[in-house]
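Hi everyone, thanks for making time for this one. Have a look at the sequence and the model first, and then I'll walk you through a few spots.

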Amino acid sequence: MDRIRSLFLLVVFSLLLVPYVSSETLAAESNDQPLIRQVVDGSGDGDLLLGAEHHFSLFKRRYGKSYASQEEHDYRFQIFNNNLRRAKRHQKLDPSATHGVTQFSDLTPHEFRRTVLGLRGGLRLPSDANKAPILPTDNLPGDFDWRDHGAVGPVKNQGSCGSCWSFSTTGALEGAHFLATGELASLSEQQLVDCDHECDPEEKGSCDSGCNGGLMNSAFEYTLKAGGLMREEDYPYTGTDRGTCKFDKTKIAASVANFSVVSLDEDQIAANLVKNGPLAVAINAVFMQTYVGGVSCPYICSKRLDHGVLLVGYGSAGYAPIRMKDKPYWIIKNSWGETWGENGYYKICRGRNICGVDSMVSTVAAAHTTSHKS
Ligand SMILES: *[C@@H]1O[C@H](CO)[C@@H](O)[C@H](O)[C@H]1NC(C)=O
């Protein structure tokens, strides 16, 4: 009888303990990966590795990863382990978001920067760039999301190519084209990757260069000069920059009328977003490698811009840091597919130019192009 009773008590005790333990831990990426709680919570390295191995096989299955050799596999497993530790650090620095395993968990930070980012160049502006006029900000809506108004297409995936800048550019022009014509067209990043070699006017060597990076402002300048962008279906994305330029002027689907840079003021950014459509913005992406969801608002984040994305909206009260009122945030469309982040989207807090998100913001206006359909 005594043994049964103590067994019963043991079970009750463990059940009570479980929620206590997991409430303190890094939240799991999803329910099918519960072991991350043990992984990041493990007191000893033995626990950590035991959990990590299981977690690594879940990761490989989920993202369809396979490695050419055992050496490569072991090397990637080691990086995966380092990234679990990084995710835990990011979680501490950024408690209003959830950090954990992502499709990039087997990449070193260097590989991540080299292959899935791709913003290069300085802050100087192409000759045709305007400064956006100051807009009134008193009647801005409290919450706003261009996805609710038909100006944002499905999330795309840049693959292993540093072409983020081309996705940010097409996203902004797709929105502007929608506002000008009422048509939501998907535009060609590959045209920019293959054909746009526009250079920063004052910084020699800082030119748009396919999978090796580029700048949205230079890409708007290229698009203005070239006459416009073709449709995705007429010039599909390949994810490499080894092909030649196949731009066909007779198949232009959307054109740039002009483009402007927006001042660093967050109300001006919001006003330009609401008036002109989604904005091309640059950001420091270091927290995005481990981002799973929530509003990212790290205590410390570099403002060195290395990633181009699309600002599509904002919310007034999305996350509540401890002992503070709900805080506003930006809604950002990324180009890493729908499996990353919140169905391909990222939320970052407003108010402090976090990760440099307010530093390089551009708006584009589309010309009314008679659009070709294939
Ligand atoms: C940009 O083009 C749009 C549409 O043609 C026009 O309404 C706007 O005034 C232009 N802006 C600038 C700064 O030239």
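Let's start with a question: are helix 6 and helix 8 parallel, perpendicular or oblique to each other? Before I answer, two bits of housekeeping. This is a predicted model, where local features need pLDDT of at least 70 and side-chain atom pairs count only at pLDDT 80 or more, while totals for chains, interfaces and linings use all residues. Residue numbers start from 1 along each chain as its sequence is written.

Okay, the helix pair. Two packed helices are described by the angle between their axes and the distance between the axes. For helix 6 (residues 164-181) and helix 8 (residues 216-226), the axes come within 9 Å and cross at roughly 60 degrees. Axes here are lines fitted to C-alpha atoms, for helices over the stretch in contact, and angles run from 0 to 180 degrees between N-to-C directions. Angles under 35 degrees count as roughly parallel, over 145 as roughly antiparallel, 65 to 115 as roughly perpendicular and the rest as oblique. So helix 6 and helix 8 are oblique to each other.

Who touches whom? On the helix 6 side we have Trp-165, Ser-166, Ser-168, Thr-169 and Leu-173, and they meet Met-216, Ala-219, Phe-220 and Thr-223 of helix 8. Contact means C-beta atoms, placed from the backbone, within 7 Å. That set divides into five nonpolar, four polar and no charged residues. Nonpolar covers Ala, Val, Leu, Ile, Met, Phe, Trp, Tyr, Cys and Pro, charged covers Asp, Glu, Lys and Arg, and the others, Gly among them, are polar.

Zooming out, the chain has nine helices and eleven strands. Those are DSSP runs numbered from the N terminus, helices being H or I with at least four residues and strands E with at least two. Of its 374 residues, 47% count as buried. Buried means 20 or more other C-beta atoms within 10 Å of a residue's own, exposed means 12 or fewer, and partly exposed is in between, with C-beta atoms placed from the backbone.

Next, the ligand. Which residues surround the ligand? They are Asn-130, Ala-257, Asn-258, Ser-260 and Ala-365, where being near means a C-beta atom, placed from the backbone, within 6 Å. Strand 5 (residues 252-262) gives the most to this shell, with three residues. By type, the shell has two nonpolar, three polar and no charged residues.

Asp-265 is partly exposed, with 14 other C-beta atoms within 10 Å. Then comes helix 9 (residues 266-276), whose buried residues include Ile-269 and Leu-273. Just after helix 9, Gly-277 takes a positive phi of about 100 degrees.

Last stop: the loop between strand 10 (345-349) and strand 11 (361-367), where Asn-353 sits. Most residues other than glycine have a negative phi, and most peptide bonds are trans. Yet Asn-353 has a positive phi of about 50 degrees, and Cys-355 has a positive phi of about 55 degrees. Cys-355 is found in that loop too. Is Cys-355 buried or exposed? Cys-355 is buried, with 27 other C-beta atoms within 10 Å, whereas Asn-353 is partly exposed, with 13.

Notes. Contact = placed C-beta atoms within 7 Å.
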